[in-house]
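The sequence and the structure are shown first, and the description follows.

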Amino acid sequence: MSQENVEIVRRGHEAFRDSGEEAIFEYLHADIDLTPIVELLDAGTFHGHDGVHRFFQTLREAFGDFTWEPQEFLDHGDHVLVATRFVAEGRGSGAPVEAMLYNVWTVRQGKAVRVRGYGSRSEALEAAGLAE
């Protein structure tokens with residue numbers, strides 16, 4: 001089952017990349033909880049599809065256009081760790097922003113029910129039960 005979860009998360013990223021933010025909702029449970037890393041967006045947890053829409057809006061307000069480039073997918077049963085390169089520029093300053101982010105996706109019954117961001121690989125590995 002865990003490899004199926006990796007594929008669900010991978011397809012969600014591909015849908016976002018190819019078709020935009022609306023396309024990812026097919027892979028997100030209606031009651032999803034999304035908590036981005038504080039260093040990226042100090043905004044707490046976003047709940048449900050409406051919350052994820054607010055998350056994207058808040059990102060656009062801070063960065064304008066942005067991209068996520070997944071670098072690695074690690075499976076651990078219900079959890080999938082995704083190491084992601086985030087690329088944007090500050091909306092007001094125009095300063096380039098590039099960071100590695102680590103998101104742990106929790107997948108149940110074919111949908112992501114939680115995405116939690118971490119600023120370091122070791123924190124994310126520990127959260128996913130994959131501590132090195």
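## Report on the predicted model

Not counting residues up to four places away in sequence, V115 touches I32, D33, L34, T35, N103, V104 and W105, where contact means heavy atoms within 4.5 Å. The model is predicted: local features need pLDDT of at least 70 and side-chain atom pairs count only at pLDDT 80 or more, while totals for chains, interfaces and linings use all residues. Residues are numbered from 1 along each chain as its sequence is written, and side-chain values use heavy atoms, with hydrogens and water left out.

V115 belongs to strand β6, residues 111-118. Helices (H or I, at least four residues) and strands (E, at least two) are DSSP runs, numbered from the N terminus. Between the C-alpha atoms of V115 and F66, which are 49 residues apart along the chain, the separation is 18 Å.

**Overall form**

The protein chain contains four helices and six strands. Their order from the N terminus is α-α-β-β-α-β-β-β-β-α. The radius of gyration is 14 Å, close to the 14 Å that the globule rule gives for 132 residues, so the protein chain is as compact as a globular protein of that length. This radius is taken over C-alpha atoms, and the rule is 2.2 Å times the number of residues to the power 0.38. The C-alpha trace spans about 45 × 30 × 25 Å along its principal axes.

Of the 132 residues in the protein chain, 42% are buried; buried means under 20% relative accessible area, exposed over 50% and partly exposed in between, with a 1.4 Å probe and protein chains only. Among contacts with a separation of 6 or more, 43% join residues 24 or more positions apart.

**Helix α1**

Helix α1 covers residues 2-19, and its 18 residues should span 26 Å at 1.5 Å a residue; the end C-alpha atoms are 25 Å apart, which agrees. The expected span is 1.5 Å times one less than the number of residues. The buried residues of α1 are N5, V6, I8, V9, G12, H13, A15 and F16. They pack against α2 (21-24), α3 (48-63), β3 (66-76), β4 (79-89) and β5 (96-108). After α1 comes G20, with a positive phi near 95°.

**Strand residues and a loop residue**

| Residue | Relative accessible area | State |
|---|---|---|
| V115 | 7% | buried |
| N103 | 14% | buried |
| T84 | 1% | buried |
| Q109 | 78% | exposed |

N103 is placed in strand β5. Apart from neighbours within four places in sequence, N103 is in contact with V80, L81, V82, T84, V115, R116 and G117.

T84 is placed in strand β4. With neighbours within four places in sequence left aside, T84 is in contact with H13, W68, E69, P70, Q71, A99, M100, L101 and N103. H13, one of these partners, is also one of the buried residues of α1. T84 and E72 are 12 residues apart in sequence, and their C-alpha atoms are 7.2 Å apart in space.

Q109 is found in the loop between β5 and β6. Although Q109 is not a glycine, its phi is positive, at about 50°.
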